[in-house]
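Colleague: I would like to learn how to read a model of this kind, feature by feature. Please give the general idea first and then the case at hand.

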Amino acid sequence: CSSGMPVTRRNHGRSISGITITMFPEISTPRLQMRVLQTEDLTEYRQYLTQNREHLRPWEPERTESFFSDQECIARISLMHQHTEAGTAIPFSLFMGRDMIGVCNFSNIVHGVFQACHLGYAISAAHQGKGLMREAVEAGIHYMFEKQNLHRIMANYRPENLRSAALLDSLGFEREGFAKRYLKINGVWCDHVLTAKVRDDE
């Protein structure tokens, strides 16, 4: 990892007529492991959600108590697998050792003439300001461009989220628009700045 370039792996293969088809990518960076959650990660997943409930509240949809239950967490993990297998999303969770510290999600993946997706991310309060979010997002973008052959990655943020604005700007995302009352966040319809990064080697 001395070069700083992410190392990618794919795991959890299945065999069809003797041919192994792999579905769940993994990325190793100098400090992080990025992978799709498994049911055995339930404890770490719930711990991340509960410990960061107040920290994430201003930036996420309104959460009911049931959102944090084992049953709903397992259901979401199952849904993550379905989307990954279908090729419509790659929801990376970020780990340092056994601790889950954040997410880096690529969703709404479309191929064909569009070859694009949306990016969303979050990191625990205890790990802010250490460059870890940038490390994860940069590695994820590299994977989506080089391994998924995407052309465009779109990311939207609320104008008051200065950390997110600075991160995206540093990674080469360009502002493409402004959407009024774009997403319902914490029970309120919120404006968002629309940005995108286009692959520059094509």
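Modeller: Start with burial: a residue is buried under 20% relative accessible area, exposed over 50% and partly exposed in between, with a 1.4 Å probe and protein chains only. By that rule, buried residues make up 42% of the 202 residues in the protein chain. This is a predicted model, in which local features need pLDDT of at least 70, side-chain atom pairs count only at pLDDT 80 or more, and totals for chains, interfaces and linings use all residues. Residues are numbered from 1 along each chain as its sequence is written, and side-chain values use heavy atoms, with hydrogens and water left out.

Colleague: How many helices and strands are there in the protein chain?

Modeller: Helices (H or I, at least four residues) and strands (E, at least two) are DSSP runs, numbered from the N terminus. The protein chain has 5 helices and 11 strands.

Colleague: Which residues touch the most other members of the largest nonpolar core?

Modeller: In soluble globular proteins, nonpolar side chains tend to be buried together. A nonpolar core is a set of buried Ala, Val, Leu, Ile, Met, Phe, Trp, Tyr and Cys residues joined through side-chain atoms within 4.5 Å. Here the largest core has 32 residues, and Leu119, Met144 and Ile153 touch the most other members. At least two residues each come from β6 (90-96), β7 (99-110), β8 (116-123), α4 (132-146), β9 (152-157) and α5 (162-170). The largest share, 9 residues, is supplied by α4. A second, separate core holds 16 residues, including Val36, Leu37, Phe67 and Ile77.

Colleague: With which residues is Ile153 in contact, leaving aside its neighbours within four places in sequence?

Modeller: Contact means heavy atoms within 4.5 Å. Beyond those neighbours, the partners of Ile153 include Phe106, Cys117, Leu119, Ile141, Met144 and Phe173.

Colleague: Is α4 mostly covered or uncovered?

Modeller: Mostly covered: 11 of the 15 residues of α4 are buried, among them Leu132, Glu135, Ile141 and Phe145. As for length, the expected span of a helix is 1.5 Å times one less than its number of residues. For the 15 residues of α4 that gives 21 Å, and the end C-alpha atoms are 21 Å apart, so the two agree.

Colleague: Where is Asp41, and why does Asp41 count as buried or exposed?

Modeller: Asp41 sits in the loop between β5 (33-36) and α1 (42-51). Asp41 counts as buried because its relative accessibility is 1%. Asp41 and Asp99 are 58 residues apart in sequence and 9.5 Å apart in space, C-alpha to C-alpha.

Colleague: Which residues line the largest cavity?

Modeller: Rolling a probe the size of a water molecule over the atoms shows where empty space is left. On a 1 Å grid over the protein atoms alone, a cavity is a set of points where a 1.4 Å probe fits but cannot get out, and lining residues have an atom within 4 Å of a point. The largest cavity is lined by residues including Leu49, Arg53, Glu60, Phe67 and Asn186.

Colleague: What is the phi of Asn186, and where is Asn186 placed?

Modeller: Asn186 is not a glycine, yet has a positive phi of about 50 degrees. Asn186 lies in the loop between β10 (174-185) and β11 (188-198). With a relative accessible area of 29%, Asn186 is partly exposed.

Terms used:
1 Å grid on protein atoms, 1.4 Å probe; cavity = no way out; pocket = protein on both sides within 12 Å on 5 of 7 lines; lining within 4 Å.
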